[in-house]
Amino acid sequence: MSKELVLKAETIMRNADVAYIAKIDDKGYPRVSTISNIKTNGLKKVWFATGLKSSKVKIFKQNNRASVCYHEGGNNITLIGDIEILTTPELKEQLWKDWFINHFPGGITDPNYCILEFTTREAIFWIDNQYDEVRL
């Protein structure tokens with residue numbers, strides 16, 4: 001994989017407002033939804049915020065396998081990996097965005113506020129008409 005392709009993928013991910021996250025429901029079917037892009041660390045780690053009472057968390061507690069997709073123009077980055085549900089106060093404070101208050105009226109200490117940490121195992125790219133796959 002070319003370093004240029006990885007850098008472009010990381011830029012697309014970092015600049016995205018939303019990502020698409022897929023989970024496997026209790027019937028074994030994929031379930032895709034949009035989720036606000038909060039923070040990325042290269043291809044390896046991605047963080048999202050959601051509610052502990054959400055269907056996402058319920059599903060990830062049963063099966064933590066996931067896929068995250070970013071799309072910009074004709075470019076696509078698909079990540080395959082695992083989700084961890086985190087509630088550490090330090091991380092919640094670090095990743096807090098002012099607009100979260102609309103979803104978590106209790107602020108950073110809202111008991112429903114949690115972080116989904118996605119760890120990539122495999123990345124699949126279609127960027128500038130180039131296809132590549134990499135295991136991380």
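This is a predicted model: local features need pLDDT of at least 70, side-chain atom pairs count only at pLDDT 80 or more; totals for chains, interfaces and linings use all residues.
Author: Two strands count as paired if DSSP finds at least two bridges between them.

Reader: How many bridges join E5 to E6, and do they run parallel or antiparallel?

Author: Eight bridges join E5 to E6, and the two strands run antiparallel. One of the pairings puts Glu-72 with Asn-75 in E6 as its bridge partner.

Reader: Which other strands form a hairpin with a Gly in the turn?

Author: E3 and E4 form a hairpin with three residues between them. Gly-42 sits in that turn and has a positive phi of about 60 degrees. E3 covers residues 39–41 and pairs with E4 in the antiparallel sense over three bridges. Thr-40 has Val-46 in E4 as its bridge partner.

Reader: Staying with E4, is the strand mostly covered or mostly open?

Author: E4 is mostly covered, with six of its seven residues buried.

Reader: How many bridges join E4 to E7?

Author: Seven bridges join E4 to E7, and these strands run antiparallel. Phe-48, for instance, has Leu-116 in E7 as its bridge partner.

Reader: And E6 with E7, how many bridges there?

Author: Eleven bridges, again in the antiparallel sense. Asn-76 stands opposite Trp-126 in E7.

Reader: Switching to helices. Which residues of H2 are buried?

Author: H2 spans residues 55–62, and its buried residues are Lys-56, Val-57, Ile-59 and Phe-60. They cover an arc of only 165 degrees around the axis, which puts them on the same side of H2.

Reader: Why would residues a few places apart point the same way in a helix?

Author: An α-helix has 3.6 residues a turn, so residues three or four places apart point the same way.

Reader: What does the face of H2 turned away from the buried side carry?

Author: That face carries the exposed residues Lys-58, Lys-61 and Gln-62.

Reader: Which strands do the buried residues of H2 pack against?

Author: They pack against E1 (18–24), E2 (30–36), E4 (45–51), E5 (65–72), E6 (75–86) and E7 (113–127).

Reader: New topic, charges. How many salt bridges does the structure hold?

Author: Five salt bridges. Among them is the one between the side chains of Lys-8 and Asp-128, at 3.3 Å from N to O. Lys-8 lies in helix H1 (residues 3–15) and Asp-128 in the loop between E7 and E8, so the pair ties together parts that are 120 residues apart in sequence.

Reader: Are Lys-8 and Asp-128 buried, exposed or partly exposed?

Author: Lys-8 is partly exposed, with a relative accessible area of 31%. Asp-128 also counts as partly exposed, at 41% relative accessibility.

Reader: Which residue does Arg-135 meet in a salt bridge?

Author: The side chain of Arg-135 meets that of Glu-122, at 3.6 Å from N to O. Arg-135 lies in strand E8 and Glu-122 in strand E7, so the pair ties together parts that are 13 residues apart in sequence.

Reader: Is Glu-122 buried or exposed?

Author: Glu-122 counts as buried, at 16% relative accessibility, because the cut-off for buried is under 20%. Arg-135 is exposed, with a relative accessible area of 65%.

Reader: What about Asp-26, which residue does it form a salt bridge with?

Author: Asp-26 forms a salt bridge with Lys-27, where the closest N and O atoms are 3.9 Å apart. Both of these residues are exposed.

Reader: Back to the loop between E7 and E8. Where does Asn-129 sit, and is the residue buried or exposed?

Author: Asn-129 has its place in that loop, between E7 and strand E8 (130–135). At 64% relative accessibility, Asn-129 counts as exposed.

Reader: How far is the C-alpha atom of Asn-129 from that of Asn-75?

Author: The two C-alpha atoms are separated by 7.8 Å, while the residues are 54 apart along the chain.

Reader: Last one. Which residues form a nonpolar patch on the surface?

Author: Val-18, Tyr-20 and Val-32 form the patch, with about 260 Å² of accessible area together. Val-32 lies in strand E2 and counts as exposed at 57% relative accessibility.

Technical notes:
Residues are numbered from 1 along each chain as its sequence is written. Side-chain values use heavy atoms; hydrogens and water are left out. Buried means under 20% relative accessible area, exposed over 50%, partly exposed in between (1.4 Å probe, protein chains only). Helices (H or I, at least four residues) and strands (E, at least two) are DSSP runs, numbered from the N terminus. The arc is that of the directions from the helix axis to the C-beta atoms. Contact means heavy atoms within 4.5 Å. Patches are made of residues with over 30% relative accessible area and no salt bridge: like charges are joined within 9 Å, nonpolar side chains (Val, Leu, Ile, Met, Phe, Trp, Tyr) within 5 Å. Accessible areas come from the Shrake-Rupley method with a 1.4 Å probe; for residues, only the protein chains shown count as cover. A salt bridge is a side-chain nitrogen of Lys or Arg within 4 Å of a carboxyl oxygen of Asp or Glu.
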